[in-house]
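Dear colleague,

Please find the structure below, handed over for your use. My notes on it follow directly after.

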Amino acid sequence: MPKNRIHDEEIHIPLEEIEKERIVERQDSGDGIPLEEEEKGENVKESLVTGESHMTNLKKNKLLTITYCANFLALGLSYGSVGPTLYAIAHNTNQHVEVAGSVFTGRGMGWLIGSASAGRIYEVANGNHTMATAAIIQVLIMVSLPFISNIYVMFVASAFQALFMSWIDVGCNALVMTIWKDKAGTWMQFLHFCFGVGASISPFIVGIFISSFEHGGAALWTYFPLSIGILIPVIPLFLLQSPKFQGEGGGEGGNEIFDQDADPATLKKQKIRYYSMIGLVAFYLFLYVGAESSYGGWITVYSKSIYGFDGGDEAFLTGLFWIAITVGRAIAIPMSMKCSEKTILATNMAGSMVCLIVLLACQSLLNPKILWGMTFLFGVSMGPIFATALSLPPSLNVLLTPRATSIVVVGASLGEMVMPMIVGFFMSSVSLLFQVLALFVPAIVIYFIVVFGLAPRTTTSKLIIDQHPSLVHNVKHKKLKQSDPAAEDNA
């Protein structure tokens with residue numbers, strides 16, 4: 001039998017009993033009711049050793065997580081640099097800006113392919129080294145872009161750059177969730193806040209270069225200082241030991257997420273429940289990212305056509321929305337320390353829908369202050385949703401493997417590619433606000449299915465089995481003694 005595994009046909013151990021056992025163990029270690037003298041010394045020593053080991057692991061985990069956050073900030077720097085350099089790309093390739101915009105399509109295709117392939121690569125390779133390699137390759141491509149004068153070569157180069165950027169995206173998310181498991185919520189919020197900071201800083205760096213040099217393609221030379229910022233956090237990835245991922249059947253990926261000793265019917269049910277949850281979370285993020293990118297992409301057109309914005313106000317409104325998303329992620333960091341993922345998701349979905357309903361109700365007033373205010377609040381409400389949805393399965397004791405993370409990220413990528421196009425197609429007949437609001441209806445349905453339908457709430461959590469095997473053994477031992485005193489010697 002694999003280590004730390006309890007079959008469904010064996011004794012079911014409620015989580016409450018394990019928690020009681022943890023309290024008893026803490027008391028027995030000297031903090032409460034004393035043990036018999038001959039046992040107390042050994043337990044205290046074991047407790048001290050375990051405590052020291054736990055503190056060492058905690059420091060390593062925090063150092064690793066900070067490294068991943070730094071790399072995610074660097075990813076934001078790279079991601080946010082494309083839009084401001086679009087005119088420079090058009091100048092270098094001698095194309096109209098509309099044609100140069102095809103690099104966005106190339107990047108979308110590359111990101112999608114990279115997201116789909118990254119999961120399997122991370123499960124068989126060293127996570128830190130894979131991420132570092134991806135960062136180095138994408139930087140090499142980035143610094144070659146100023147020298148490319150053919151639009152087709154630019155398209156291919158942008159696609160390959162995005163492919164390796166998506167590896168960093170999947171890797172950071174998967175590694176942070178692997179380290180912290182059901183406690184990943186706060187760190188996931190901080191991770192995505194760092195990405196938002198990087199994506200917000202990048203346009204300002206590009207702006208400095210544009211204002212300093214009159215040459216039309218000067219903005220592309222911004223890639224050189226940006227590449228230095230991207231490479232600096234790569235160094236610790238070669239020095240720190242990478243966490244082991246949970247695989248689907250043991251092996252190189254680490255501990256298996258399915259009970260391989262269960263009977264075929266039980267194993268099949270486990271896999272159906274698991275992949276149903278992963279698929280629904282992927283579709284949820286398809287809807288969320290679709291709503292986010294549709295609003296962010298089309299609010300400029302909406303504000304100009306409905307509210308009559310001009311003189312650059314519409315661009316500032318778009319900028320305010322993306323800044324608000326970063327603010328929302330910052331607010332979610334302390335919030336996630338006090339609230340569960342399902343509470344944060346419900347709160348933010350409700351807040352987002354209220355903002356859209358207010359905008360729809362007040363649209364006839366054509367009051368720009370309402371549009372500015374609700375856009376900011378809508379961004380703040382939307383900000384924490386992506387990271388919270390990613391950390392929702394671990395919070396429900398359903399671990400995400402790199403392969404599952406890839407599926408989820410692919411769903412988000414498809415939402416970013418498909419939904420703005422669909423929303424734009426129907427904007428002449430259906431309001432932008434109504435279309436974005438409509439995306440929340442299936443999202444709410446998915447939320448209830450995942451939280452109240454698919455979340456496991458029987459027997460012992462695998463997370464607790466993996467993290468506290470001795471506690472599980474103690475509870476099991478006591479139950480066996482109660483049911484059959486003769487089984488004490490065999491427990």
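**Packing of α11 and α14**

Helices α11 and α14 run roughly antiparallel to each other, because their axes cross at roughly 165 degrees and angles over 145 count as such. Please note that this is a predicted model. The helices in question span residues 264-306 (α11) and residues 368-382 (α14), and their axes come within 12 Å. The crossing in which α11 passes α14 is left-handed.

On the α11 side, the contact is made by Y288, A291, E292, Y295, I299, Y302 and S303. Their counterparts in α14 are L371, T375, F378 and M382. Sorted by class, this contact of α11 with α14 comprises eight nonpolar residues, two polar ones and one charged one.

**Aromatic pairs**

Across the whole structure, the search returned 22 aromatic pairs. One of them joins F321 and F378 in a stacked arrangement, with 5.8 Å from centre to centre and 20 degrees between the planes. F321 belongs to helix α12 (residues 313-338) and F378 to helix α14, so this pair ties together parts that lie 57 residues apart in sequence. Both F321 and F378 are buried. F378 is also among the α14 residues that meet α11.

Elsewhere, one aromatic cluster is formed by F72, Y79, W111 and F195.

T67 is located in helix α2, which covers residues 37-79. With a relative accessible area of 6%, T67 falls under the 20% limit and is therefore buried. Setting aside residues up to four places away in sequence, T67 touches P233, P236, L237 and L240.

I89 sits in helix α3, which covers residues 86-93. The relative accessible area of I89 is 3%, so this residue likewise counts as buried. When neighbours within four places in sequence are left aside, the contacts of I89 include A100, V103, M154 and L220.

**Points to look up in the model**

- the contact between α11 and α14, including Y295 and F378;
- the stacked pair of F321 and F378;
- the cluster of F72, Y79, W111 and F195;
- the surroundings of T67, among them P233 and L240;
- the surroundings of I89, among them V103 and M154.

With kind regards

Conventions:
Residues numbered from 1 in each chain as written. Predicted model: local features only at pLDDT ≥ 70, side-chain atom pairs only at ≥ 80, totals over all residues. Heavy atoms only, no water. Axes fitted to C-alpha atoms, helices over the stretch in contact; angles between N-to-C directions. Helix = DSSP H or I, 4+ residues; strand = E, 2+ residues; numbered from the N terminus. Parallel < 35°, antiparallel > 145°, perpendicular 65-115°, else oblique. Left-handed = near helix turned anticlockwise from the far one by under 90°. Contact = heavy atoms within 4.5 Å. Nonpolar A, V, L, I, M, F, W, Y, C, P; charged D, E, K, R; others polar. Buried < 20%, exposed > 50% of the residue type's maximum accessible area, 1.4 Å probe, protein only. Phe/Tyr/Trp six-rings, centres within 6.5 Å; stacked < 30°, edge-to-face > 60°.
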